[in-house]
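Please look at the sequence and the three-dimensional model shown here, and keep both in view while reading the paragraphs that follow.

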Amino acid sequence: MKINLSVRGAELDAAQYVRVNLCFDKPSALFAEGTAITPGDNGSLNLYLEEGEFKALQKAGRTIANFGLFNVDLNTAAPLSVKDMLFFVIGMYDGRTDIKAAFNASEEDVKQARLLAEFITEIRDLANSQARLSTPLHLIEDLSALCQKACALAGRGQVKSTVIKRGDAGFEAFTGLNAVGAGSCNAPAMGMIEFLPEGCTADAPLSYALVGKGITFDSGGYDLKPPKFMASMRTDKTGAVSMAGVLALSIVLGLDKHVKCYLPCTENLVSGSSMLPGDIYTYSNGVSVEINNTDAEGRLILADGLLQAKADGAQAIIDAATLTGAAKVAVGRDITAVLTPSNQLPKLLTELFAYNEEELWPLPMRPYHKRHLKSSRADMSNAGSGEGAPGASTAAAFLQAFVDKDTPWLHFDLSSAYMAEPSPYYAGGMSTAAGVYSLAQYLLKA
């Protein structure tokens with residue numbers, strides 16, 4: 001799909017746009033309470049929102065798209081910011097229809113909004129792409145190309161990509177990828193995308209490591225998912241797509257830090273060679289793990305990325321994954337869950353998410369959560385057990401075994417990655433890229 005954004009003005013071809021007047025009063029009493037759109041003057045439409053309404057511009061975009069309008073001349077009393085235009089387009093996106101919108105804004109701001117919207121749209125398209133095409137190696141290739149494109153547009157620094165796949169020297173060190181990928185004919189792989197700003201060499205300290213879960217399709221393995229849960233499992237790669245997207249967007253915005261993105265990617269399928277319940281695997285840091293649920297596979301491959309980030313000397317780590325259904329139960333699909341060992345989020349992070357009206361909610365990490373990972377045959381099991389085991393916190397406790405206690409670490413459980421049903425802000429059946437823009441800004445400014 002294409003995105004064409006322009007500045008409102010006399011040169012605008014009115015025949016190609018529907019004028020929509022954004023209103024913050026109430027429609028005439030002739031209309032029913034809650035009416036969103038009414039006829040305006042000269043063939044225009046009036047779109048009503050409440051003054052100060054949460055995510056107002058994103059809601060406006062979704063409301064307009066719900067009426068089948070994708071060529072819009074948006075008439076606002078005051079000029080719009082880059083953020084407002086970006087989230088208006090995010091609301092309009094349905095994964096299929098081209099978007100054409102004109103705004104009351106400067107040419108420079110419209111150009112920036114168009115660029116960011118194109119990148120976020122590509123991120124959403126990749127996260128929602130069919131598993132038959134987005135196999136592990138193809139996904140890494142596409143995400144590397146996304147970051148290369150960002151670097152070319154920025155005109156500074158360089159992006160280097162490395163892929164270590166099954167059969168390559170060094171791949172045996174990735175315990176989780178070997179285990180989870182054993183049942184697939186498509187080779188599992190560790191992709192690494194590194195951004196080197198001007199004057200930075202590969203041996204310079206690594207400011208940030210971004211680690212993303214790239215399960216390109218998740219059947220659940222021998223703990224097979226029911227069909228209703230398997231239907232959207234093409235999106236189980238959203239962690240990898242999001243982390244590469246964060247890197248790409250931050251490069252476009254002016255990143256000047258040495259950052260490396262780790263993309264453990266594989267399918268989780270059923271075959272004669274698949275990982276089995278009761279298997280035990282030992283990671284390079286000596287931690288042994290008993291498999292008590294083959295559908296708790298994402299944490300196994302994230303551990304590979306976290307250990308590689310540690311080996312590369314990352315000064316701080318951010319990981320993202322569609323890791324647990326428990327996170328969605330806890331906060332719903334409208335909010336992104338985040339966990340960190342200190343249980344104190346960086347002030348800048350919360351400020352950026354609040355400014356962009358992207359909702360973020362911390363879930364707890366406590367030492368006692370590790371008791372739910374007990375195994376009689378290994379250091380720990382890969383999935384929580386016991387009465388009242390909190391799924392998201394227990395998964396984070398598993399990952400903590402692969403991160404140094406002195407390394408700042410944020411773990412995003414992407415409860416808001418996919419909108420199964422329509423919401424006021426997103427089309428249904430769509431990947432959202434929620435939080436990617438705010439995280440890119442955080443990476444830039446932290």
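How much space lies in the second largest pocket? About 360 Å³ of space lies in the second largest pocket, and of the 19 residues that line this pocket, those closest to its centre are Lys26, Pro27, Gly34, Thr35 and Tyr48. Strand β4 (45–48) and helix α1 (56–66) are the elements that give two or more residues to this lining. By class, the lining of the second largest pocket has nine nonpolar, four polar and six charged residues.

Before going further, note that this is a predicted model, in which local features need pLDDT of at least 70 and side-chain atom pairs count only at pLDDT 80 or more, whereas totals for chains, interfaces and linings use all residues. Residues are numbered from 1 along each chain as its sequence is written, and side-chain values use heavy atoms, with hydrogens and water left out.

Some terms also need their meaning. On a 1 Å grid over the protein atoms alone, a pocket is an open set of points with protein on both sides within 12 Å along at least five of seven lines, a cavity is a set of points where a 1.4 Å probe fits but cannot get out, and lining residues have an atom within 4 Å of a point. Grid points are joined across faces, edges and corners, and a volume is the space filled by probe spheres set on the points. Helices (H or I, at least four residues) and strands (E, at least two) are DSSP runs numbered from the N terminus. Ala, Val, Leu, Ile, Met, Phe, Trp, Tyr, Cys and Pro count as nonpolar, Asp, Glu, Lys and Arg as charged, and the others, Gly among them, as polar.

The largest pocket holds about 810 Å³ of space, and of the 34 residues that line this pocket, the closest to its centre are Lys225, Leu323, Thr324, Gly325 and Lys328. Helices α6 (227–230), α9 (325–331) and α11 (391–400) each supply at least two residues of that lining, and the largest share, three residues, comes from α9. The lining of the largest pocket divides into 13 nonpolar, 10 polar and 11 charged residues.

Among the residues lining the largest cavity are Lys55, Arg333, Asp334 and Phe353, and its lining has four nonpolar, three polar and five charged residues. The second largest cavity has a volume of about 60 Å³, and its lining includes Ser242, Met243, Phe353 and Phe412. Helix α7 gives the largest share of this second lining, three residues, and the lining of the second largest cavity divides into nine nonpolar, three polar and no charged residues.
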